[in-house]
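Please open the model in a viewer and keep the sequence panel beside it.

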Amino acid sequence: LSFPSGLTHESHKKDVEQVYLRCSEGSIEWMYPTGALIVNLRPNTSPASFKHLTVCIKPFKDSAGANIYLEKTGELKLLVRDGDRSPRKVYCFGYDQGGLFVEATPQQDISRKITGFQYELMNKGIASDLHTVSAPCRPCSDTEVLLAVCTSDFVIRGSIQDVTNEEEEQESIIHVGVNKLYRQKSKVFQLTGESGNWRGQIKTLLECGVRPGDGDFLFTGRMHFGEARLGCAPRFKDFQRMYKEAKDKGLNPCEIGPD
């Protein structure tokens with residue numbers, strides 16, 4: 001969603017415009033910001049479910065010209081300061097904590113500024129999975145793996161072809177060769193024209209130290225701002241073992257062919 005240029009209403013620098021967004025995900029781009037925007041997220045879900053929602057925003061890399069606040073009953077809490085260049089930073093808060101107030105900062109030349117960010121609404125449980133502060137790189141337990149197989153946005157059997165480390169963004173890109181595709185929410189994994197094989201990329205934290213290696217893994221995870229983020233990823237032979245043990249006991253939460 002793009003908004004008109006602030007240059008068209010230069011004489012109304014104190015204007016506050018309200019916008020209402022019905023989509024559960026999207027982006028906002030405000031060219032040459034002046035005044036302020038109140039962003040009201042109104043998803044097409046029951047109001048009773050609002051308390052279970054988390055809102056996450058991810059500023060564009062070159063976003064500038066405005067501060068972004070969390071606003072509730074007239075009180076403002078700064079989320080993103082104008083000029084903050086924290087790479088790949090994502091800011092999350094509970095839906096019931098308030099709305100977004102985007103206020104332009106004084107500029108000598110607003111024509112050089114564009115403020116923008118992506119946003120997503122998600123279930124609080126999913127959000128906590130994506131932003132685990134404690135031990136984000138620890139291996140998943142058997143129970144966590146089996147549940148991830150049932151609830152993840154993508155589940156694939158594959159191998160690590162290569163790993164690209166992005167120091168500035170503190171992330172690693174895992175280049176995956178897919179041997180079997182069980183599920184994917186978005187078309188992250190696709191057939192390549194050259195080899196006719198399925199391939200795709202999954203991102204994770206640089207601190208997790210992922211390295212290329214032999215053997216197959218079961219990759220699970222979630223889509224976040226259009227990117228595949230790694231969740232549980234046991235070696236495939238370990239997944240086969242835990243799946244068989246759970247199935248023999250009637251404890252597997254969902255059915256999936258392990259072979």
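This is a predicted model: local features need pLDDT of at least 70, side-chain atom pairs count only at pLDDT 80 or more; totals for chains, interfaces and linings use all residues.

Next, select residues 66-72, which form strand β6, together with residues 99-104, which form strand β9. The two strands pair in the antiparallel sense over six bridges. Within this pair, display Leu-70 and, opposite to it in β9, Leu-100.

Ile-68 stands opposite Val-80 in β7. The hairpin of β6 and β7 has two residues between the strands, and there Thr-73 takes a positive phi near 45 degrees.

## The nonpolar core

In soluble globular proteins, nonpolar side chains tend to be buried together. Which residues have the most contacts inside the largest nonpolar core? Select Val-39, Leu-41, Ile-57, Leu-100, Val-102 and Phe-117, which hold that position in a core of 25 residues. Leu-100 is also the residue that stands opposite Leu-70 in the sheet.

Centre the view on Phe-117. Not counting residues up to four places away in sequence, Phe-117 touches Gly-26, Ser-27 and Ile-28, the run Ile-57, Lys-58, Pro-59 and Phe-60, and also Ile-68, Leu-100 and Val-102.

## The disulfides

Display the cysteine side chains. The structure holds four disulfides. When the bonded cysteines of the chain are numbered in sequence order, the pairing reads 1-2, 3-6, 4-7, 5-8. Three of these links are visited here in turn.

**Cys-137 and Cys-208.** This disulfide has an S to S distance of 2.0 Å. The torsion about the S-S bond of Cys-137 and Cys-208 is about -80 degrees, so the disulfide is left-handed. Cys-137 lies in the loop between α1 (124-130) and α2 (142-151), and Cys-208 in the loop between β14 (198-205) and β15 (217-224); the pair therefore ties together parts that are 71 residues apart in sequence. Cys-137 is partly exposed at 34% relative accessibility, and Cys-208 is likewise partly exposed, at 25%.

**Cys-140 and Cys-232.** Here the sulfur atoms are 2.0 Å apart. The torsion about the S-S bond is about -90 degrees, so this disulfide is left-handed. The pair links distant parts of the chain, 92 residues apart: Cys-140 is in the loop between α1 and α2, and Cys-232 is in the loop between β16 (227-230) and α3 (236-248). Are the two cysteines buried or partly exposed? Cys-140 is partly exposed, with a relative accessible area of 29%, whereas Cys-232 is buried, with 8%.

**Cys-150 and Cys-254.** The sulfur atoms of this disulfide are 2.1 Å apart. The link is left-handed, with -100 degrees about the S-S bond. Cys-150 lies in helix α2 and Cys-254 in the segment after α3, so the pair ties together parts that are 104 residues apart in sequence. Cys-150 is partly exposed at 23% relative accessibility, and Cys-254 is partly exposed at 22%.

## The segment after α3

Remain in this region and select Ile-256, which is found in the segment after α3. At 12% relative accessibility, Ile-256 counts as buried. Leaving aside neighbours within four places in sequence, Ile-256 is in contact with Val-149, Val-155, Tyr-182, Phe-239 and Tyr-243.

## The whole chain

Finally, clear the selection and view the entire chain. The chain has three helices and 16 strands. Of its 259 residues, 40% are buried. Among contacts with a separation of 6 or more, 67% are between residues 24 or more positions apart. The chain exposes about 14,400 Å², of which carbon and sulfur atoms supply 49%.

Conventions
Residues are numbered from 1 along each chain as its sequence is written. Side-chain values use heavy atoms; hydrogens and water are left out. Two strands pair if DSSP finds at least two bridges between them. Helices (H or I, at least four residues) and strands (E, at least two) are DSSP runs, numbered from the N terminus. A disulfide is a pair of cysteine sulfur atoms within 2.5 Å. Buried means under 20% relative accessible area, exposed over 50%, partly exposed in between (1.4 Å probe, protein chains only). Contact means heavy atoms within 4.5 Å. Accessible areas come from the Shrake-Rupley method with a 1.4 Å probe; for residues, only the protein chains shown count as cover. A nonpolar core is a set of buried Ala, Val, Leu, Ile, Met, Phe, Trp, Tyr and Cys residues joined through side-chain atoms within 4.5 Å.
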